[in-house]
Protein chains: 2
Amino acid sequence: MKEIKLSLFGFGNVGKAVSRVLLEKGVFFREKYGVEFKVVSIADTSGVVWLPEGIDLREALIIRENFGKLSAWTNDYEVYNFTPDEAVREIDADVVIDVTNDRNAWRWHLAALREGKGVITSNKPPLAFHYAELTKEAERRDVPYLFEATVMAGTPVIGLLRENLLGDAVERIDAVLNATTTFILSRMEVGLNFEDALREAQALGIAERDPSGDILGIDAGYKATILHCVAFSPVTFDEVRVRGIAEVTPDEVRRARAKGKTVRLVATVERGEVTVEPKEVPLESPLAVGSHENAAVIKTDLLGELLIKGAGAGLKETASGVVSDIIKASLRL
Amino acid sequence: MKEIKLSLFGFGNVGKAVSRVLLEKGVFFREKYGVEFKVVSIADTSGVVWLPEGIDLREALIIRENFGKLSAWTNDYEVYNFTPDEAVREIDADVVIDVTNDRNAWRWHLAALREGKGVITSNKPPLAFHYAELTKEAERRDVPYLFEATVMAGTPVIGLLRENLLGDAVERIDAVLNATTTFILSRMEVGLNFEDALREAQALGIAERDPSGDILGIDAGYKATILHCVAFSPVTFDEVRVRGIAEVTPDEVRRARAKGKTVRLVATVERGEVTVEPKEVPLESPLAVGSHENAAVIKTDLLGELLIKGAGAGLKETASGVVSDIIKASLRL
């Protein structure tokens, strides 16, 4: 049995979902892969719980659910006030997992890689701005740097592009990568105006209180940037043309529908050119997805068109990508 | 530059397509992966051309096109009368590639693995009858045994199941895995009877002269068997329930259409249960594929439903799968 020490950064919804999967499927992973995971640290914004012998995830989840923060857990565990940078240096771990929203996380990703630790992330900005630097450092240290959950949650579009289709040259990717905008556009199709559709999405927890990342196309832009990096060559989000859905009118949506089409926020990725914008797509197109789905049509020289479609959001669904990467990293270490 | 010696078995349509890709994309592979491929032998039914210094693929393709068999190539090369078994033992190669239709190829797959050679195959029966034995031997010798092109041509459903979704438990796969039957059923939808639709498929080169493998569901059954082996556990084709499309009547097809459905040969794969049979699927279902496509809907515990859809046949498309495996094997060696 191989024991892999994990250091978890972020204990919000995704972090909790990852912990739940590790807890509930531990036996399955031991039997199928011969791997045993030991979470040696968990960090949230209140502090870092660190226990080299391994943290009881069941307890950690209970504390977090009941007190809202890990730092409440002082009767059993020491809570440290490390910065992430200090934490990745101090804490002995094989793999660092970033499920935070820290925009500057690339710094401590780099620090972790330099310490010879593998890094797994569902956090997009580090890749959307520092892909080349991060993947090069991982290659130099020969440690895994994996990020399946950054695009289309656990739907393995990254694995498909990075580790399959190796003989093909990708020519173009068209994709719907943001579920919140699809929800809003779908509601506008049945008569709501943009503001009401957005409010409904917020009430249902589909859109965040500050919805700008989704609405302005930034989230889809990050993901499209990452797809370009993987399929072609490193670029940064600054080079991407992004137009969100804030200016889409109910009239435009209805006119599309009358033509047998539907408006979706579509990312188009070609060599050296990444665009995200609202587009009319035929109802029979694979890009005419429902609210919970993402889809990517990948065009290559040998295979022609390949469609991958699946969950694009959700907690279990995102945990699927993170945990798949954890196992993938473990099998390589 | 890493040099990888390839021993190619089968120089029919797929073998030629693979050779063409290796020839035309050699520079791309060298630059992208730092790998140089040297084909040291090519076998067709007429004999084995073997040249340790590497065969000129351009010449080999010309000979095959003009004379129909490799044994005509006696002015430049020695042609050997090895059995495949002898060939995999005699010929020094890193990877053996099986693009034949040899039903008994599992014997020389095993022999190659025992010699410490990697094996890549687009040939289905070895896997449909001897999966456990072959993959176990490959694991024991720590050499790659790869078979992406056996199911859905180059569409990477095998890579997706074998190397991704590692944290998920697959619950069920529904798939359309045979393009010829889809073509025939589509033609019956527009009024042809089964025999005329089959004749048309044969005239177009979509169905073979002996079409029984497709029509009786055997081809789809082999593929479904392989999917079960990968997603769940080893089974053999003998355990699979298969009903082909030979008894589907134009009337049934028309009645389905009147209900907004279409008949497709559907493979259903659950733990311990593999079925292939004609089924009515709603027109809006991802399984209502067109003639050139295959599709698989994979249901898992964490991710829910994932769809992968793409080419299911074709020469370049099959070569895509074989060549991706060649590169994958090379990166591991």
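The talk below goes through domains, copies, strands and loops.

Visitor: How do you know where these coordinates come from?
Guide: This is a predicted model. Every value here is computed from that model.

Visitor: What makes up domain 1 and domain 2 of chain A?
Guide: The domain assignment gives domain 1 as 2-153 + 315-332. Domain 2 is 162-311. Taken over C-alpha atoms, their centres are separated by 28 Å. The contact takes 12 residues from domain 1 of chain A and 14 residues from domain 2 of chain A.

Visitor: Which helix gives the largest share of the side of domain 1 of chain A that touches domain 2 of chain A?
Guide: That is helix α6 (residues 125-141) of chain A, with 6 residues. By type, this side of domain 1 divides into 9 nonpolar, 1 polar and 2 charged residues.

Visitor: Why are the two copies said to be related as by a two-fold rotation axis?
Guide: Look at the superposition. Chain B can be laid on chain A by a turn of 180° and a shift of 0.0 Å along the axis. The RMSD is 0.0 Å. The copies are thus related as by a two-fold rotation axis. Ile308(B) comes closest to that axis among the residues of chain B, at 2.3 Å (C-alpha). The same surface serves both copies, as 100% of the contact residues of chain B recur in chain A.

Visitor: How many strands form the open sheet, and in what order?
Guide: There are 12 strands. The order is β9(A)-β11(A)-β10(A)-β8(A)-β12(A)-β13(A)-β13(B)-β12(B)-β8(B)-β10(B)-β11(B)-β9(B).

Visitor: What makes β9 of chain A and β9 of chain B edge strands?
Guide: Each pairs on one side only.

Visitor: How do you know that β9(A) and β11(A) pair?
Guide: Pairing needs at least two bridges. Strand β9 (residues 241-242) and strand β11 (residues 273-282) of chain A are joined by 2 bridges, so the pair qualifies. These strands run parallel. Arg241(A) has Thr275(A) as its bridge partner in β11(A).

Visitor: What is the pairing of β10(A) with β11(A), parallel or antiparallel?
Guide: Antiparallel, with 10 bridges. Leu265(A) stands opposite Pro278(A) in β11(A). The hairpin of these strands, β10(A) and β11(A), has 2 residues between them, and Gly272(A) takes a positive phi near 80° there.

Visitor: Which sense holds for β12 and β13 of chain A?
Guide: They pair in the antiparallel sense over 8 bridges. Ala295(A) stands opposite Lys309(A) in β13(A).

Visitor: Which strands does helix α8 of chain A touch?
Guide: Helix α8 (residues 179-189) packs on the sheet and touches β8, β10 and β12 of chain A. Its direction makes about 155° with that of β10(A). Helix α12 (residues 250-258) of chain A also packs on the sheet, touching β10 and β11 of chain A. For α12 the angle with β10(A) is about 95°.

Visitor: What makes Leu165(B) count as buried?
Guide: Leu165(B) has 26 C-beta neighbours inside 10 Å, so it passes the cut-off of 20. Its place is in the loop between α7 and β8 of chain B. Leu165(B) has a positive phi of about 50°, although it is not a glycine.

Definitions and conventions
Residues are numbered from 1 along each chain as its sequence is written. Chains are lettered from A and ligands numbered from 1 in the order in which they are written. This is a predicted model: local features need pLDDT of at least 70, side-chain atom pairs count only at pLDDT 80 or more; totals for chains, interfaces and linings use all residues. Domain bounds come from an automatic or database domain assignment. Two residues are in contact if their C-beta atoms, placed from the backbone, lie within 7 Å. Helices (H or I, at least four residues) and strands (E, at least two) are DSSP runs, numbered from the N terminus. Ala, Val, Leu, Ile, Met, Phe, Trp, Tyr, Cys and Pro count as nonpolar, Asp, Glu, Lys and Arg as charged, and the others, Gly among them, as polar. Copies are superposed by least squares on the C-alpha atoms of residues with pLDDT of at least 70 in both. Axes are lines fitted to C-alpha atoms, for helices over the stretch in contact, and angles run from 0 to 180 degrees between N-to-C directions. A residue is buried if 20 or more other C-beta atoms lie within 10 Å of its own, exposed if 12 or fewer, and partly exposed in between; C-beta atoms are placed from the backbone.
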